[in-house]
Amino acid sequence: MQLRGRLWLAAVLAGMAMASAAGAASYFEVDREFYPYYPSLLKWEKSKAEFTPPETCGGCHPEQYAQWQGSVHHLAFQDPVYQGELNKGFKAVGHEVTRQCEGCHSAAGVVTGEIKGPGITGLSPMALAGVSCDICHSVSGVTHWQTPSREPENGSMILTPGVETEQGVTLLKHGPLPSYEGCGGGFHDCVESPLHLRAELCASCHQVYHYEAHFPLEATYLEWKHGPYAQRSILCQDCHMVDTDAFLRSANDMVRPQKGEYRHYFNGANYLLYYLAQAAATKAGDPELAASIEKKYTMSVDRLKAAADLELSPVYRDGRLAEVLVRVRNLRAGHNLPTSLTNVRQMWLEVVARGDQGEVLMSSGTLTDKGELPEHTREFNSEGMGDNFHFAIDPWVVTAFSRHDTIPPRGYKDVFYGIPPLAKGKSLTIEAKLRYRQAPQGVAEALLAAVPADINLEAIYGLKEVPQLPVVDMVVKQAKFGATGK
Ligand code: HEC
Ligand code: HEC
Ligand code: HEC
Ligand code: HEC
Ligand code: HEC
């Protein structure tokens, strides 16, 4: 008996060895020499030329600096929601894995080795500045064809802040303009870079893959590339690096902005982060910065409100009102709606139908007192799962989506709501809202509770507790339908 048991065990062990040998020839092969910061796919052409903090660039480029200051890119590293998640990841899987996060949220701090984990204490202005001037304008190329997924992912770009020459160190800034003698005011040389006029500049960071499984957790670039805007050459820059008017023109008419219309706002949908940053600027006694961030808040709410539309129509069956159809259109997002962190963001329908006396006949999607969504709310987002097929939310665990229900660019989704039978001659008034927030209340509370010890939410943001997250009504529509359609 014992012998048979041992044989069985040996067979199992041999089987496991074979399985792991087969596993060694991984589908997503990683060249560790080529990618020394793996799982971040950054590359750095190292020289004595150092990265320059944004304040220095701002001295000669004050407009770009003022637009970028307080932007989501500026806040990418100090963002308390990011730091909370990073800290959780650091504790769960360690820095060998969370280096991946830092590669996109503060690339310079990763290649120089300055960032060693969560927290902000003792870091240089360059590391703290997140996605700053000298990240984008040091990009000299991309390695999108050599990555494990053979697509842009996880920071797959090359940073060359400068070169060593016989004269010493020369800083190189890559940008859209043709280079000329003296461009750069003696501080830097200019390099004309066609890449900066392409979405591929943004792609390296706006395609987030699981650190090992290379599952696309955030796929904004590919959603865009496989949609109608890419086909008409309307780029990320044409909607996110312009004022609201120019964005509307890019989206409506699919014509590109004029040369002089580009701005350094990088404005998207994250009004919550602006809300926090504005509170921090006010608390730090900088009303000018607070006012500039308030404008960014308004711009992101405006973008969200412009993104979608709702259409309500009645469905009659045997001459009786049976259902109401709510069609949700992605009017102006160049990618799916919502995009990026779709397994955390929430976009949902709240629908309330009333009878002639104002009595509620049907309702769905109204937040509870605790700020949670009720069951069976129609949401447009995704749900992540780990290798065990169970629900998961953390990016180091999620290796697939159990549900992915976002709306493609210029596309729509239909939702049908059943209506209780109405008596003849009666009518029904229906109100539908498309609502958005950055995260479920509980998730936001958990992340902010997990910030590293050197981020004091009360001292920096004046937060004693996490208030109910603000919700933006992207679209509100009403309609009235008769019981028999007459
Ligand atoms: C390939 C680049 C990239 C990598 C790698 C990456 N992120 Fe991000 N992260 C982004 C981008 C881009 C966004 C913005 C998406 C959006 O606004 O929906 C983002 C947003 C976030 C947010 C939301 C912030 C907010 O204010 O709502 C959190 C939290 C976050 N990332 C945590 C992480 C963690 C933790 C890791 C590592 C496990 C990680 N990220 C790895 C690019 C990256
Ligand atoms: C996320 C990447 C990114 C960041 C961060 C960034 N830039 Fe740019 N920058 C661009 C792109 C893309 C263009 C080209 C815009 C166009 O004309 O299409 C550009 C253009 C420029 C130009 C050329 C003139 C103009 O405005 O078009 C200057 C100068 C410049 N940036 C300076 C800065 C400074 C200073 C900062 C920091 C305060 C900064 N950039 C941060 C991507 C970036
Ligand atoms: C001493 C002043 C000075 C400083 C400091 C400076 N620049 Fe410039 N930069 C210039 C001048 C002058 C030009 C010429 C074009 C113009 O006037 O915008 C220029 C042009 C540029 C361009 C356009 C180049 C092209 O080929 O498209 C970019 C991008 C740029 N700078 C980025 C930066 C960044 C990033 C920093 C900080 C690391 C920086 N600059 C610091 C003076 C400066
Ligand atoms: C036609 C205009 C348009 C183009 C092109 C476009 N976007 Fe957007 N983007 C929007 C609008 C509108 C929103 C706000 C609605 C939403 O969240 O999707 C948005 C939102 C975002 C967000 C925030 C998502 C969230 O909910 O947190 C990110 C990140 C983003 N875009 C990145 C990109 C990148 C990267 C590209 C290019 C690959 C791009 N966008 C191309 C219009 C555009
Ligand atoms: C070095 C990596 C990197 C590059 C390059 C980059 N981004 Fe980002 N971007 C990020 C990260 C990280 C965030 C999210 C920060 C956060 O939420 O904490 C972000 C956020 C954004 C947002 C705000 C999303 C929101 O929810 O409001 C927009 C819009 C955006 N990026 C557009 C662009 C565009 C356009 C380009 C190219 C010109 C670009 N990005 C290039 C890393 C990058």
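**Domains, a helix pair and a ligand shell**

The centres of domain 1 and domain 2, taken over C-alpha atoms, lie 33 Å apart. Domain 1 covers 43-302 and domain 2 covers 306-439 + 471-482, with bounds from an automatic or database domain assignment. This is a predicted model: local features need pLDDT of at least 70, side-chain atom pairs count only at pLDDT 80 or more, and totals for chains, interfaces and linings use all residues. Residues are numbered from 1 along each chain as its sequence is written, while chains are lettered from A and ligands numbered from 1 in the order in which they are written.

**Domain contact**
- 26 residues of domain 1 touch 19 residues of domain 2 (contact: C-beta atoms, placed from the backbone, within 7 Å).
- H5 (80-93) gives the most to the domain 1 side, with 4 residues.
- Helices here are DSSP runs of H or I with at least four residues, and strands are E runs of at least two, numbered from the N terminus.
- That side divides into 17 nonpolar, 5 polar and 4 charged residues (nonpolar: Ala, Val, Leu, Ile, Met, Phe, Trp, Tyr, Cys and Pro; charged: Asp, Glu, Lys and Arg; polar: the others, Gly among them).

**Helices H15 and H16**
- The axes of H15 (271-283) and H16 (287-307) come within 8 Å and cross at roughly 170 degrees (axes are lines fitted to C-alpha atoms over the stretch in contact; angles run from 0 to 180 degrees between N-to-C directions).
- H15 is therefore roughly antiparallel to H16 (over 145 degrees).
- Their contact has 11 nonpolar, 3 polar and 2 charged residues.

**Ligand 3**
- Cys 57, Cys 60, Gly 175, Leu 177 and Gly 185 come nearest among the 22 residues around ligand 3 (C-beta atom, placed from the backbone, within 6 Å).
- H2 gives the most to this shell, with 4 residues.

Terms used
Parallel < 35°, antiparallel > 145°, perpendicular 65-115°, else oblique. Contact = placed C-beta atoms within 7 Å.
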